Amino acid sequence: MSRYAMVTDLRKCVGCEACTVACNAEWSVPAGFARTHVRKTEIAGTFPNLTSGIHVAQCNQCDRPPCAEACPSGATSQGADGIVRVDKDLCIGCAFCVAACPYDARYINPATKKVDKCDFCLPRIARGEQPVCVTTCTAHAKYFGDLEDRGSEVFRLVYAEGARRIETASVAVGPNVYYLGKPESLALVATSFPPRAPRLPAAGEAWRMAVRPLVMLAVGATFLGQAVAFFTQLAKGENDFED
Amino acid sequence: MTGFSRRRFLGTAAAAGASAAATTAPAVSAHPPGWHGGERVLKVATHCEMCFWRCGVLASVSEGKVVRLEGNPDHPLTQGRLCARGNAGTGLLYDPDRLKFPLLRTGKRGEGQFKRATWDEALDFLALKLDAIKKEHGPEAVAFFPHGIGSRFFGTLMKAYGTPNSAEPSFAQCRGPRDVGYSLTFGQGLGSPEPVDLEESKLIVLIGSHLGENVFTSQITAFATGLSRGAKLIAVDPRFSTAAAKADWWLPIRPGTDIALLLAWMNVLIAERLYDQPYVAKNAQGFEQLAAHVRDFTPEWAETITELPAAQIRETARAMGQAKPAVVVHPGRHVTWYGDDTQRARAMAILTALLGSWGRKGGIFLPTPLAPGGIELPDFPESERGRADGAGGRFPLASEELGVTNGLVDATLSGDPYPIKAWIVYGQNVIESIPQPKRTLEAIEKLDLMVVVDVLPVDQIDYADVVLPEATYLERYDSPLFVGSAKRPFVAIRQPVIEPLYESKPGWWIAKQLAKRLGLEGFFPWDTPDQHLAALVEPLGINTLELHNRGAIAFPGRPYIEDRSPDDEPLFNTTSGKIQLFSKELKDLGADPLPRYTNVTDPPKGFLRLIYGRAPVHSFARTENNEALHALMPENEAWIHTRTAAELQVHDGDRVPFENDEGARSLPVRVKVTEGIRRDCVYLVHGFGQRSKGLRRASGKGASDTSLMSRVKVDPLMGGTGMRVNFVRPVKA
């Protein structure tokens, strides 16, 4: 079992937004939206005694993800590796998960009408690569790895260096995105961009019970359609299935 | 989902591989194919031109389309990292606003009325005009404004045509004073990328450099690495920059008084014997004169000028003394600020020398020059009349290689020393890059011929007679790069990743075609740019196929004094062979042989000093139209201190134009009220407020700092335009 986590060292980060643009390019995120974004705090204090901070936000792959709870179709789920994923085929674009996310990490893609968010670059991880925000980071400020692996850099940064998560007493859903920073700067980031209370659909359970079978039915129909197309193609002798 | 066929894929790869060695068609890299989403893609190595830093790129190509750019892990400088702009390069390639066809002006100059022309029509017309100008006014009447390595073939053409008048803003609007000041002191300038050993440094000193907002990938990597290894940071800046927020000491200096601070630091280092005594004794001349010169420049003296506490000046000087020689006094890049900039660069160089940091680990490291091979060319014609821009004349220390742009504007306006009748502008926006844009436009009005070679319809396009659409950096060969000022020096290639889109053409092709029409073909004795490439790189033992495949080939560097070999150039290539703390060259020119603080003029009542800088997602005025980058930063903001805003009765979020004390006015810009700036300044990010209607995303967004620069203070030594001498105020509705 793995428990994947991301650590961003805000002492190194300069807020250059290479991560945002690389991620958008890698996953064809439309301009104006992002799976990971960089925000600067207001400058706090009185001249010349000032503090400011940079926040690098992305999906926190929470241990107890409110988005999955809110999802009526079962499209959002959590894997055994802790990564929260979206099955685009099941997503109905209802945006309940967008409202439920305490970290504002989800958006509805206007082209596909489906929800999208950071999944730590799952397909890259599966190929043994690092997430693209990590590989492009100009400041080498991002670390990705497995907290179950005691030899990993993220394990060291979290358990020895004391990287911390951004959560509050009232919103504690077990985020797996951690930050290192100067204490006053990190405190400013945490108070400037706090998680908000998840907004779950009022009649969540009842809604879900009603919708899920409908979605499965719809997906089933789509699958059936594809299967018919496949066999039609076979029958016509066209084969585009070279390895 | 695109189906992937291995057979088709291998076929493409083989064809592209074969062409890489011999033709100008897109090349392919030995980098293994990769993935983009669920799609298999080819990866081609080249290098980025979203700014000028020389970062290595791998382009993912699928079915003739560039689907993704990422860092080249093999690249010695950037090792796979790429900034926001680099990652957004496909946005330039596929920008719908690109110049697509050659254009010839039909309306009046400035109206922006053109007809589409064929390349033959445009080039024939241009050749006729250039021949006529040469006959009537002499070849020197043509002035060339290049930018970037893409312009080198055109540079050869201009020299062959017979004009010495070539000037890029990278000198007189950027790093000229720095390289002149360091050359006077150490016998060589810094070059680009500047060799600052940030990752090994124990103390980094930034004088107005805003690293972090000014992003060059490998420099940010080194900066962040140095900080994470415990380097201390001093940020001297009137604004609470990203770097200031990371600093151990933020010194919000009164603008224009940096020389006083630098002299006070020297005073402490010498008075308290904290300087590197053996290094100075061995390597420097003029120490006694320097010590006498700075004796009275105490921190208490500097406090009254800089508005920084004497105790803080003393404390930071001691921190330098402790960390020496592993101190980077960052020499900066854009340093044309107040007209005394060569002298400020001298002061920074002298401070570097006192700390023993030149050629030392954690300081300024030494370049390892790579000498390109040669191509035999006919002799360039000698100009009888010499340069018109003043380089080597009224600006005695100006670079004759890079030239003085504003000197060419002056000559065009005055006809002195002789009339300038044509401008060829290549890859730069002269309205935004050169201050006093009104004068620039007046100069353009006087021309017989104005030519713009560019990728996008930049601001001066409406004033052009001929517009030639260039291919982007992803569609062309440029002259290969030889980068000595890296710890591992390297040779890098820019090669076409795909064929040029529309009717755009690579710079080398345009230059060669024009040369043919001007009877100057002998200066281009090669058929294809890879033959030119081979002639330059093969003498270094480089296999051109390997260079195409890997993108860059690195060599061992000799970055520190102890690494040097007897065959190297002298360590200090000055007249005395030593570091010149005291400059006899300056004395002979009637200038201060040791830097001296001269009074800075404060803004008149009700006005603020205009300062400006960069944002990490934009380069100059080149990237504001890029879809991905525009989405992140569509416009700039005017930073104003809380109390100043209250006095001037402007509020956070107000949208107001600014005007300067000579009546120049900007487009409206959003006000950002903050504690993070001195009360006497306003700050704008450069590059916004462009007016070209052809840039449909960028046009009219934000305010141009250049539009508010009606005044400059010219550095008498090298012609640089001090640009932080303009005073502005918000104009309320």
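What covers the buried residues of helix 12 of chain B? In this predicted model, the cover includes helix 9 and helix 13 (310-323) of chain B. Helix 12 spans residues 299-306, and its buried residues are B:Pro299, B:Ala302, B:Ile305 and B:Thr306. Viewed along the axis of helix 12 of chain B, these buried residues fall within an arc of 115°, and they therefore line one face of the helix. An α-helix has 3.6 residues a turn, so residues three or four places apart point the same way. Just after helix 12 of chain B, B:Glu307 adopts a positive phi of about 65°.

Helix 9 of chain B also figures in the largest nonpolar core. This core holds 288 residues, of which B:Leu263, B:Trp265 and B:Val451 touch the most other members. Helix 9 (residues 258-271) of chain B gives the most to the core, with eleven residues. For B:Leu263, when neighbours within four places in sequence are left aside, the contacts are B:Val294, B:Phe297, B:Ala302, B:Ala347 and B:Tyr597. Among these contacts of B:Leu263 is B:Ala302, which is one of the buried residues of helix 12 of chain B.

Chain B is divided into four parts: domain 1 (1-87 + 472-500 + 539-566), domain 2 (103-167 + 389-470 + 505-526), domain 3 (174-364) and domain 4 (608-730). The C-alpha centres of domain 3 and domain 4 of chain B are 27 Å apart. Between these two domains of chain B, 19 residues of domain 3 are in contact with 23 residues of domain 4. On the side of domain 3 of chain B that touches domain 4, helix 6 (169-186) and helix 14 (341-354) of chain B each supply at least two residues. The largest share of that side, three residues, comes from helix 6 of chain B. By residue class, the side of domain 3 of chain B that touches domain 4 of chain B comprises nine nonpolar, seven polar and three charged residues.

The contact between the two chains takes 34 residues from chain A and 39 residues from chain B. On the side of chain A that touches chain B, at least two residues each are supplied by helix 1 (18-26), strand 3 (44-46) and helix 5 (132-136) of chain A. Helix 1 of chain A gives the most to this side, with seven residues. The residues of the side of chain A that touches chain B divide into 14 nonpolar, twelve polar and eight charged.

How values were computed. Residues numbered from 1 in each chain as written. Chains lettered and ligands numbered in written order. Predicted model: local features only at pLDDT ≥ 70, side-chain atom pairs only at ≥ 80, totals over all residues. Contact = placed C-beta atoms within 7 Å. Helix = DSSP H or I, 4+ residues; strand = E, 2+ residues; numbered from the N terminus. Nonpolar A, V, L, I, M, F, W, Y, C, P; charged D, E, K, R; others polar. Domains from an automatic or database assignment. Core = buried A, V, L, I, M, F, W, Y, C linked by C-beta atoms within 7 Å. Buried ≥ 20, exposed ≤ 12 C-beta atoms within 10 Å, placed from the backbone. Arc of directions from axis to C-beta.
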